[in-house]
Each structure stands twice: as C-alpha cells, then as structure tokens.
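Colleague: I am new to this structure and would be grateful for a close look at a single part of it. Please take your time and connect that part to its surroundings.

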Amino acid sequence: MVLVLTILVRDEIDIIKSMIDFHLAHGVDYIIVTDNGSTDGTYDVCKEYERKGEIELLIEPPSDFSQHRWVTKMANLAYDKYQADWVINADADELFVPAQEKIGLKNVLNTIPESISVLHLPRHDFVCNVRAMTKSPHVEMVYRKVVSLNLAGEPLPPKAIHRGSPNIIVSQGNHHVTGDILGEPLLTNEISVYHYPIRSYQQFYSKVNNGGSGYAKNTELNPNNGFHKRHWYELLLKGELRTAYDNEYRIGTKKLDEAINNNEIIEDRRIVDFINTVLD
C-alpha cells in the first residue's frame with residue numbers, strides 16, 4: 001500500500017514538525033505540503049524535510065483561501081505522481097490516529113472492503129489550557145472534549161479520506177471528496193482525527209487574520225463556508241478577539257477541573273506518550 005498525506009499550511013510553526021513526524025512514524029509514505037504564505041518559519045521547517053526527501057513542497061501565494069482548489073491539486077498529484085492507494089488530506093492542526101496504536105494506519109486501511117473508497121472520520125477537539133508553552137502543543141495539550149461542537153452547537157463534521165482516484169475534487173474543509181472511482185463514504189471510528197484548533201493567542205490571532213481575511217476576499221465560496229473563521233475575523237476587526245480568547249477559548253485551571261468533573265473534558269495522553277516514547 002502507498003499512503004500519501006497532503007497538508008495545507010500557513011504559519012503553523014508551533015505544531016508543524018511534530019505533525020509531520022507523527023504521520024511519518026505511522027506509516028505515511030509520501031507527504032505533499034502546500035505552503036500558503038507562511039512568515040513565521042513554517043516554510044523553512046518544511047524546506048528542511050524537502051531537502052531530506054521526505055516531503056514535496058508546493059507554494060501558493062496568500063490570497064482568497066481557496067483551500068478546496070489547492071487540496072484538490074495535491075490529492076490528484078498524490079494519485080498521478082505517487083500512485084497513492086489511500087490519500088489523507090489534512091490540516092496542520094490535525095493528527096490522524098488509529099484506534100489501536102500497534103495496528104497502525106495502513107493495517108486499518110487494509111481491512112476496508114474494496115467496495116468502500118471513502119471514509120468519514122470523527123474529530124475530537126483538544127482544549128487550549130493554561131500551560132508552559134515551551135513544547136509542542138501535542139505534548140502540552142492533553143485534555144480533549146468528550147463531545148466536540150462547532151460554533152452553532154452542532155457536532156463537528158467528519159473529515160474524509162479516500163482511495164487514490166483520478167479526477168479528485170476535495171470540498172472546502174476536506175469534509176467531502178469525489179472522484180472517478182469513489183463511492184459513498186463509510187463512517188468509522190477505526191481512525192479518529194485529533195484536532196488542535198486553538199493553541200495560543202498568537203497562533204489564534206494568526207489563524208483568524210490569515211483565514212478570515214482570505215474568506216473576506218473570496219467571492220466564489222458559499223458564505224457559510226468557514227463561518228467560524230468569518231465570525232472570529234469580525235471579532236478581530238472589532239477588537240474583541242483577545243477577550244473571546246481569554247473568556248471562551250483558553251481554559252483556566254478552575255474551569256478545567258469543573259469540566260473534568262462534569263465529564264465534559266477528559267485527559268488523553270495518547271499523543272504525548274507516543275511522542276515521548278517513539279519520536280524523542
């Protein structure tokens with residue numbers, strides 16, 4: 001099996017190295033990265049991996065956040081150039097985690113019936129807790145929500161991974177995918193997406209400013225696409241983003257303890273244990 005990971009990145013310096021290392025350690029054969037105008041050192045980190053032959057690095061200038069177009073390009077490259085049997089289209093703040101660590105991603109995918117060509121995977125949000133911020137968020141952020149909801153209070157939509165196929169089209173957000181040989185998706189818990197969307201105020205500001213300003217320029221997408229970034233961008237423009245971060249998105253010790261006692265948040269050390277025992 002050939003397993004290819006695609007990543008769209010912009011200013012993810014705090015997390016990109018451990019994200020790439022995690023997936024290489026889980027059996028990903030090739031990684032295609034599109035950098036969308038990073039200025040914080042993310043591009044330089046990716047360039048080092050490219051020099052080692054571990055990724056192919058593409059460049060898309062920052063403009064209108066046409067994520068669907070850039071990821072579609074990478075997904076087709078995964079099939080056309082690398083003959084991918086399976087393709088994972090990831091955001092930089094996501095880890096694709098097999099339910100059983102020792103089985104690994106490829107072994108899970110090998111159990112999927114040939115009649116199934118698209119998998120929908122559940123997402124689990126890790127919370128931005130008060131912490132040292134001296135190591136990767138994958139090491140320091142060990143608390144995740146029992147039920148992860150979007151800003152509308154609805155369950156997070158799953159992420160789609162797919163068999164390699166000609167003429168791939170990936171939707172904005174990587175939630176849906178079509179291709180010449182792709183059929184109806186199967187929802188499975190055998191692989192889950194661990195999601196680290198908010199990790200520090202500096203990262204949050206950059207995420208909102210980059211994505212929100214891009215969506216504001218985009219006249220092609222449905223206005224409902226990226227509504228969370230659009231909402232946060234409005235807060236940024238009104239000078240209210242820091243207040244929202246402090247009061248809603250960063251969880252202090254007291255609030256964290258209450259959420260754990262109410263079974264709203266659980267401690268999940270699977271990723272940090274893997275990094276400490278396998279990657280270090």
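In which loop is Asp11 found?

Modeller: This is a predicted model, and the description should be read with that in mind. Asp11 is found in the loop between S1 and H1. Its phi is near 55°, a positive value in a residue other than glycine. Asp11 counts as buried because its relative accessibility is 11%, and the cut-off for that term is under 20%.

Strand S1 belongs to an open sheet of 7 strands, which are arranged in the order S3-S2-S1-S4-S10-S6-S13 with mixed pairing. At the edges are strand S3 (55–59) and strand S13 (185–187), each of which pairs on one side only. From one strand to the next, the twist averages 25°. Helix H1, made of residues 16–25, packs on this sheet and touches strand S1 (3–9), strand S2 (30–35) and S4. The direction of H1 makes about 170° with that of S1. Helix H2 (residues 42–51) lies across S1, S2 and S3, and it runs at about 140° to S3.

In general, the strands of a sheet pair through backbone hydrogen bonds, either parallel or antiparallel. Within the sheet described here, strand S4 (residues 86–91) and strand S10 (residues 159–163) run antiparallel and are joined by 3 bridges. Trp86 has Arg163 in S10 as its bridge partner.

Beyond S10, a further residue deserves attention. Asn167 has its place in the loop between S10 and strand S11 (169–170). The phi of Asn167 is near 60°, which is again a positive value in a residue other than glycine.

Strand S14 (residues 191–195) pairs with S7 in the parallel sense over 3 bridges, and His124 stands opposite Tyr194 in S14.

To return to the request, Asp11 is a buried residue with a positive phi, placed in the loop between S1 and H1.

Definitions and conventions: Residues are numbered from 1 along each chain as its sequence is written. This is a predicted model: local features need pLDDT of at least 70, side-chain atom pairs count only at pLDDT 80 or more; totals for chains, interfaces and linings use all residues. Side-chain values use heavy atoms; hydrogens and water are left out. Two strands pair if DSSP finds at least two bridges between them. Helices (H or I, at least four residues) and strands (E, at least two) are DSSP runs, numbered from the N terminus. Axes are lines fitted to C-alpha atoms, for helices over the stretch in contact, and angles run from 0 to 180 degrees between N-to-C directions. Contact means heavy atoms within 4.5 Å. Buried means under 20% relative accessible area, exposed over 50%, partly exposed in between (1.4 Å probe, protein chains only).
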